[in-house]
Amino acid sequence: MGEDGSLLALERAPAPLAEPERWWAAVRSLVPIALGRSGVVATDVRAVCADGHGPTCVPADVNGHVVAEVVPWSDGRAATEASELAAATGLGTWALSILPAAAWLERNRSTDAARVHWYLNSWEWLALRLSGVARRTRSAGQVLADPGLEALAAAVDHAKTPETVDAATVVGGLRADVAAELGLAAGTPVVAGLNDAFASCLGIGLVEAGDAYDAGGSAGGFAVYTDRPVEVPGAFSGAAPVPDRWYVGAVMNATGRALEWLASSTGTSVATLLDEAAPVPPGARGLVFLPYLAGERSPLWDPAARGAFVGLTLGHRRPELARAMLESAALALRHVAEPILAAGIPGRELRVSGRPAESAAWNRIKADVTGLPVGVPAVPEAALVGSAILSAVAIGLDPDIPTAIRRMVRVVERLEPDSRVRPTYDAVFEVYCRLSRDLLPASHALASLP
């Protein structure tokens, strides 16, 4: 990333959700390629910052090598521990972060847990591998659960949770051996990052109350900033990653991954599916898709929920299936956004992010289904911009995060909802909500089969 928030080079590699060594292998292979393509000299790189999915619990030894089973954010096995800790501390599950998963490992994998030196989130683990320093990171205004609390200390050894620092803090310098492998300069500042959702909030420019975002990406989610704490049933809330702001939001499990699944299952690419879906009219010719391919978090909070195409006929082909999937991501956004906005929280503009934001058709669908204006950033991979913003503050280019956001984030397109298709999408949304409720008994029955 350039100091002005421009994207200089981007490389990708598959990175399985619960395989940290594969994440590290991707870093090792892709950073030298990206550096070469950017044309930047290694000594001109001012900082390195990682963001990542989470809360994903990575149990590691003192050097960052994984020594026990990773518990990703999508894994519900620690639900009992989360409930117990929430009841004991009064903290919501989001505030508890990886501690329920760590408690589950301590309780159910005691032999492995004995080898654990650190319980870390994905971005914290990457910072450790880069710098050799383990730190727990928090965003502006966030108060993380204190592992010294009696209830938490009984579940997780206090010594296995490192010192907490604020995001946009220099954790340490790039290790010499890692620097040589990546083609960077030893000692380059390694900056404390955030989870990818918060990094995306920064990278798409959310600063003021009423600013909202669509997380895009593999899972999907919706959040809106407020100027005061607001509780909405079924949603999560907390301090936003900028000072004096709070957020109310909801997260899904697989709205983006659903399209990837269809591409791999039909032997094509996501790009082809996007092209095929674009000319299909709103409503996908009477086809509705429920994107619950990995259970669902908001608003169902049901790991046994299952995906479904409803309305299939002999006249439907792959383009209609793809169109229904694109619409389902927008319908899922509306499903979680409506109760939040109905609580009196204004939504001024929906900023889109991630690879879905590169699709003009998908952005249009989201504006028309949600009824919110959609803002498209210059760099859709907003989490990367967010990490650059944190780096800029850490090394003194900007005095604070809001200043860095205003300097580095640019919106290049705004889409107003098309009132002509609103009746169609209102009807589809009514069916979607009814199906999400009425098909759950069948989903549970199917989930219980061997």
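**Note on the predicted model**

1. The backbone oxygen of Ala 185 sits 2.6 Å from a polar atom of the Thr 188 side chain. The coordinates discussed here are those of a predicted model. Thr 188 belongs to the loop that runs between α8 (176-182) and β7 (189-191). With a relative accessible area of 5%, Thr 188 is buried.

2. What does Thr 188 contact once its neighbours within four places in sequence are left aside? The partners are Val 45, Arg 46, Ala 47 and Val 48, together with Gly 172, Gly 173 and Leu 174. Thr 188 counts as buried because its relative accessible area, 5%, falls under the 20% limit.

3. The largest nonpolar core contains 56 residues, and Phe 222 and Tyr 432 have the most contacts inside it. Helix α12 (residues 318-342) gives the most to this core, with 13 residues. Leaving out residues up to four places away in sequence, Phe 222 touches Ala 212, Tyr 213, Val 248, Gly 249, Ala 250, Leu 333, Val 336, Ala 337, Ile 340, Leu 341, Leu 350 and Leu 372. There is also a second, separate core of 34 residues, which includes Cys 201, Val 251, Ile 389 and Val 393.

4. On charge pairing, the count comes to 35 salt bridges. One of them joins Arg 107 and Glu 84, whose closest N and O atoms are 2.9 Å apart. This pair links distant parts of the chain: Arg 107 is in helix α4 (residues 99-108) and Glu 84 in helix α2 (residues 79-89), 23 residues apart. Glu 84 is partly exposed, at a relative accessible area of 38%.

5. Arg 138 and Asp 166 also meet through their side chains in a salt bridge, at 2.7 Å from N to O. Arg 138 lies in strand β4 (residues 136-138) and Asp 166 in strand β5 (residues 164-166), so the pair ties together parts that are 28 residues apart in sequence. Both ends are partly exposed: Arg 138 has 29% relative accessibility, and Asp 166 has 39%.

6. The closest N and O atoms of Glu 349 and Arg 351 are 2.6 Å apart. Elsewhere, salt bridges that share partners join Glu 69, Asp 75, Arg 77 and Arg 109 into one network.

7. Gly 5 is in the segment before α1 (20-38). Not counting residues up to four places away in sequence, Gly 5 touches Val 379, Val 385, Met 408 and Arg 410. From Gly 5 to Arg 77 the C-alpha atoms are 39 Å apart in space, and the two residues are 72 apart in sequence.

8. Which residues form a nonpolar patch on the surface? Met 1, Leu 7, Leu 10 and Leu 384 do, with about 280 Å² of accessible area together. Leu 384 is found in helix α14 (residues 382-394). This leucine, Leu 384, is partly exposed, with a relative accessible area of 31%.

Notes: Residues are numbered from 1 along each chain as its sequence is written. This is a predicted model: local features need pLDDT of at least 70, side-chain atom pairs count only at pLDDT 80 or more; totals for chains, interfaces and linings use all residues. Side-chain values use heavy atoms; hydrogens and water are left out. Helices (H or I, at least four residues) and strands (E, at least two) are DSSP runs, numbered from the N terminus. Buried means under 20% relative accessible area, exposed over 50%, partly exposed in between (1.4 Å probe, protein chains only). A polar contact is a pair of N or O atoms within 3.5 Å; within protein, one must be able to donate a hydrogen and the other to accept it, and residues adjacent in sequence count only if both atoms are side-chain atoms. Contact means heavy atoms within 4.5 Å. Patches are made of residues with over 30% relative accessible area and no salt bridge: like charges are joined within 9 Å, nonpolar side chains (Val, Leu, Ile, Met, Phe, Trp, Tyr) within 5 Å. Accessible areas come from the Shrake-Rupley method with a 1.4 Å probe; for residues, only the protein chains shown count as cover. A salt bridge is a side-chain nitrogen of Lys or Arg within 4 Å of a carboxyl oxygen of Asp or Glu. A nonpolar core is a set of buried Ala, Val, Leu, Ile, Met, Phe, Trp, Tyr and Cys residues joined through side-chain atoms within 4.5 Å.
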